[in-house]
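User: I would like to learn how to read strand pairing, domains and a chain interface in a model. Please start with a single bridge.

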Amino acid sequence: MIIKIFIFFLSLIDKFRGKSIYMKKTILFYFLFFALKVCDAQETFPVNGAWDIRPGQYAFINGTIVTNADQTISGGTLLVKDRIIEAVGKDIPIPKGYTVVNLEGKYIYPGLIDAYTTYGIPEQPRQVFGAGGFGGRVIVPVSTKPGAYGWNESIKPEMNAKTVFHGDAAKSEDLKKNGFSTVQSLIHDGIARGTSVVVSLGDERDNLIMLNDQAAAHYSFSKGTAATNYPSSLMGSIALLRQTYYDAQWYKTQKGEYNISLDEFNRTQNLPQIFEVSDPQSILRADKIAKEFGRHYIYKTDGLEYRRIAAIKATGSEFIIPVNFPEPYDVEDPIDARSIKYDQLKNWELAPTNPGVLEKAGVKFAITSYGLTNARDFWTNIRTAITNGLSEKQALNSLTTIPAEMLGVADKVGTLTKGKLASFIITSGNLFKPDNIIYENWAEGRQYVVSKMNIADLRGNYLVNGTGFANTTLTINGSPGVYEVSVKHSGTDSTRTRGTITRTGDRVSIYFDYKQNPEGIIRLSGYISSIFPITLKGDAVFPDGSLSKWTATFTSAAPASKSPSQETPKPNLNVGPVIYPFAAFGNAEIPKAETVLLKNATVWTNEKEGILKNTDVLIENGKIKSVGKNLPSAGAKVIDATGKHISAGIVDEHSHIAATGGINEGTQSVTSEVRIADVIDAEDINLYRQLAGGVTTSHILHGSANAIGGQTQLIKHRWGMLPEEIKFAGSDGFIKFALGENVKGSNNGPPANNAALRFPQTRMGVEEVYIDAFTRAKEYKTARAAKGSTTRRDLELDALVEILDNKRFITCHSYVQSEINMLMHVADSMGFHINTFTHILEGYKVADKMKARNIAGSTFSDWWAYKSEVAEAIPYNGKLMHEVGLVTGFNSDDAEMARRLNQEAGKAVTYGHMSEEDALKLVTLNPAKMMHVDNRIGSIKPGKDADIVLWSADPLSVYAVAEKTFVDGVLYWDIEKDAEKQKALAADEGRIIQKMLEAKNKGAATQRPTTTRHRLYECESVEEDNFVVADDYTEMERAKQAAREARDHNEQ
Amino acid sequence: MKRTILSLGGLLLGISFAYGQANISPAKPQTKPVVITGATIHVGNGQVINNGYITFVKGKITGVGEGAAPSVADAEIIDATGKQVYPGFIAPMTTLGLIEIEEGARGTVDDTETGELNPHVRSLVAYNADSKVIPTVRSNGILLAQPTPNGGLISGESSVVQLDAWNWEDAAYKKDMAIHLNWPVAAGGRERRGAIPVPGVVQETPAQRAQKKVDEITSLFEQAKAYAEIAKPAVTNIRFEAMRGLFNGTKKLFIIADNAKEIGQAVTFSKRLGISAVIVGGKESYLVTDLLRENNVPVIIRETQTLPDRDEDDVYLPYKLPKLLQDGGVLYGLTGTGFWRQRNLPFEAGQAVGYGLTKEQALSMITINNAKILGIDKTTGTLETGKDANLFISKGDALDMIGLDVETAFIQGRNINLDNLHKQLYKKFSDKYGLKE
């Protein structure tokens, strides 16, 4: 009982505190209806003292009422009773007992709705992870959260915002000042984030402001604060979410396990599903999951949809977009300005077009203030968006009716309609005009004063009277709220000076300094003593301390001041084009397949014809049409290739480019469920750079941190296309296995605090990982095949079953002979086939055993000595494997080496004198064979894909330059066009930088250039610990990049 | 290989074909004069002599010219008709001999001392003349190297070694000739994002952090300079003793700096202190060629076979960097990466040829230019009379992977053993599978 009283007492203090703030804000000329403010009647709560229930009846008359984006009533009346709109319209009689507010000349809009906030949600505690990379981190294989929850902490659909939400008057102010009276609040943490609430921004008991206690279910790709190690990569996040959908389906059918997380996951499926993503590629990643599971997501994005508007439109989804447009960069220092990426420059220019672009495309979207560093930028940015193509109508819908519908509160808020909540704002004029002032924000009938209305406007010229003020005039201009003052003393020693004025209600204080006669600051304090005409009256203190009385009387209207904030920004429609991809060397238009005749070249056919001199190659419709001498040129673009060489496009069997969010999901020893296909980054500059080295196809592999890594993806270097479009359609599925030092973690740092280590730590343990995994897979296959099976679908085991069924193929990272031999025996005994040993640096020692099993070898040309297991790696490895009869190739595992794999093939000539014809096959036909696509690519043969390279010299030579590279007959790399692109790039950078300088000169805030670069992955790249609680993976990547750079600097 | 070696059988002493490294012995001093005839001679300074000859006696070149060689009594004649002769390649700024296995074998790693300011630590004494890696590099024509320490702000001092020696003492070609400084990186205002700001604490920007280090270095060097003015200081400071040479012209300061701003700072710094400086790395050196040329500061490019730093850069920028410095009138050399990868040094040089350099300019990068920068050009770097006979014969173009095939190599006139671990393993497994090499 004592506790109860104490709590009640606390709440009382709260209430008084609220009121005292309120009191301060009241002013003399303000109508005193605050006294009738609706009381916080709450049925179940006891009251200390007398009940104070007020009718809450208001009549707002004579205003321009914008009931929704399509209807405006001028001179209308809005009746409010007990927080509800009782009537809205023209000529509505005002019943007795209503407080009348005259809004002549003013506007009423529906209260705005912010569809994405964390308002009132406590910050999630950050987990402390062991530092120092994979090996050093504490092993947390399963959830540490007490209770009958799921295994992974990042899947927490059981989180309900309603159970933790607590309104915060101070924090709601930023929102209310911008006109928001309703917001969605969500728990911004984890992959499945549970449900959100919709609340009114009234400063009272949480019980009274809840509009929807289960508004939506939320998701993201970011594991957030979860301590569970898995997932450590974006592909892991996606795999986990995918598995969760299957687990939730299975959960409905089983009785053995009670699992709150899965139960809640199922229970919240009928709510709106909101997915936080970042850029368009991220949106498309989430959309793939949506389509896979028949889900419909609403996407909260980073506002970059303009980059891929067609693909965005095609998702058929709704969006919640921010207006946190970037500030211009500091570009004065040309060297520092070099750190700004081209897409950052372009984004500065194009981000404000995003809302308009979405509108034009007919995409439904809400606008959120989420993500703004400074809430005050909200309206500036909305107006910038309008200048850049967003209509006022759409803007209003995106801030009212659209979010209301998305969040299931359209019956309560969004329009000014009879029966809806009295959530509205009062403004000085059109909400979207720069000089508009938001006066009041009524959130569900609770008044919040943003800026006082109906108070005397002090702007004007005044005559000042009083001792010491002979011949003095005073001018007040600026805008209400931001007054400016100047004082003029005329006569023999006439002078004029600017002063400072502060107004608090009806009180004013002014100070200024004439600099001479007298020297020093003169201070005035006073109050508004009359409003017709406005008269200010009070005391003055002179620099010498002497006192005087003063009176200032309005004489005439003041001239408009020219403050920069008042200037209407010029409509800025001069923006550069969107390019594909949105990065340096992107194309304004994606190049198309051409009919081309390359004449008189030395053609390395890779077929039985061998190397043909003075030969022509005709490509048409993306295919090689014919190869021969003196081919007719009818209709084809002719390229004279005299003295030059033509080869098939280079195929890299082992690459880690064009993937994002981590290349290793090394948190478990078996992660066959993760898929590189989910995380393709088609905007990686290395796709383009490698075209410039003749590479046309790359096999993007999971890293080598664990014995059974992830599923791989074969791609073509179609620069400018979307992730799904660069995939090599119809190619067989592969998976990465790994052996050796990486798998056993031998080169990781020592474990933190003697923590447990991931199994295995020896090559002995590696064998058992495979035996165990395939034993499970076989049993699983049997169990699933049984009639009426209720065996849970397990994506990890599915992939292994595919291997057993010869539907998925292994490429295994491998070094020393012992482990290679071991895996061959495991494969024999478990009944699966190894397609390729990749790296395979000691392949030369077991080539005969590989030959017996028809296993290919994809190695480095000459790498060795970089760790113990390559102490006997030799550059003759390729030659020896080739001679024994293996399908042999050279791969890169490195974004740099990949673009001169032709030279690496040349090293088979240096070391071992392989014939040049065979050497080139190491990086073209042979890897194509390994990938089972030699029917499509790998040689110059009519009917095959027109993936060809025009070289300036013998392609194996260090002197060969790739002048043109075709993929599917499309000229994606052309050394001449590249030169033009470089010029255009420099010119466009110069243009945007000029524009930034102008913006800065106009007073725009700026930001320092920061460098964010693509992370280059190789086999051993492991994501650092998830110490960053990031909004999304892009952000996480940025932060990690920065951390790496900081570390690199320290190390230098 | 075997075939090659047999054809030169008479020249080679004590070759056996047992496996392992212990049998690859340093060559004996040159006793008989050698005359190479009929070769295409790449002098190293841009000059090419077709059908040329070269003679050397007791380790020194005694004649180079076109046509028939003058007769030299008791000489060993090598007919190199159709073959190429090059000056031995020089690999500066390498960890060759300092690291045997990069990762997972810390005991074999000796390139990075702990601490920030180590001008006194000497790479020469850690140079492992018995490294298995050295013969694999040497057999691609790299005959001299500068094993260089890493780490800290001042990493230590380096020497130039020749790559055929019983021990580091024999290997030393020019002792303790450079001190190595890592110029602090500010990197264009990059700041650490994702760090949690502490209220009330103004975060140091990278530029400020770098400036602190620059101040630290400046102070150290000024004191070292003052110290160097006194012949016998009352209290000996071994760091300053090591730095003495910087101020009397006997040592150079190799400064690792990639960005234009930092290169500028480093050049000004060394000029003010009167130090002979070399920029190493120099990725953005092409932006400041005037400064480098006017101050006579050379650049050692680190790798051409690398990626551009910025997405916006010309995709071929690293390939074009030598040409840009050539056109800018800057003296530039080249190194590869690490230790074992130095065997690719010829290809790193050849890479620049497709992008503007001539073949002979590319050759100069890794011969005479490197020699000048290292201060050994009086004795090596070109095939000119009076210089050491550091040279090799290749069947084809040594800068190209489809040409490089070193048959014979001489260091100071000694006909060195070109066998190595890799050739031995190749032989071993060719035999296992019954293949011809």
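Analyst: Begin with A:I320, whose bridge partner in β15(A) is A:A366. The model is predicted: local features need pLDDT of at least 70, side-chain atom pairs count only at pLDDT 80 or more, and totals for chains, interfaces and linings use all residues. Residues are numbered from 1 along each chain as its sequence is written, while chains are lettered from A and ligands numbered from 1 in the order in which they are written.

User: In what sense do β14 and β15 of chain A pair, and over how many bridges?

Analyst: Strands of a sheet pair through backbone hydrogen bonds, either parallel or antiparallel. Here β14(A), residues 318–322, is parallel to β15(A), with four bridges between them. Two strands count as paired if DSSP finds at least two bridges between them. Strands are DSSP E runs of at least two residues and helices are H or I runs of at least four, numbered from the N terminus.

User: Which sheet holds these strands, and which strands are at its edges?

Analyst: An open, mixed sheet of six strands in chain A, ordered β8-β11-β12-β13-β14-β15. Its edge strands, β8 (192–195) and β15 (365–368) of chain A, each pair on one side only. The twist from one strand to the next averages 20°, with axes fitted to C-alpha atoms (for helices over the stretch in contact) and angles running from 0 to 180 degrees between N-to-C directions.

User: What is the strand order in the sheet that includes β40(A)?

Analyst: The order is β34-β36-β37-β38-β39-β40 in chain A, again open with six strands and mixed pairing. At the edges, β34 (708–711) and β40 (888–890) of chain A each have a single partner strand, so one side of each lacks a neighbour in the sheet. β39(A), residues 856–859, pairs with β40(A) in the parallel sense over three bridges; A:S858 has A:G889 as its bridge partner there.

User: How is chain B divided into domains?

Analyst: Domain bounds come from an automatic or database domain assignment. Chain B has domain 1 (2–86 + 416–433) and domain 2 (89–187 + 235–380). Their C-alpha centres lie 28 Å apart.

User: How many residues of chain A and of chain B are in contact?

Analyst: Two residues are in contact if their C-beta atoms, placed from the backbone, lie within 7 Å. By that criterion 64 residues of chain A contact 46 residues of chain B. On the chain A side, α28(A) gives the largest share, seven residues.
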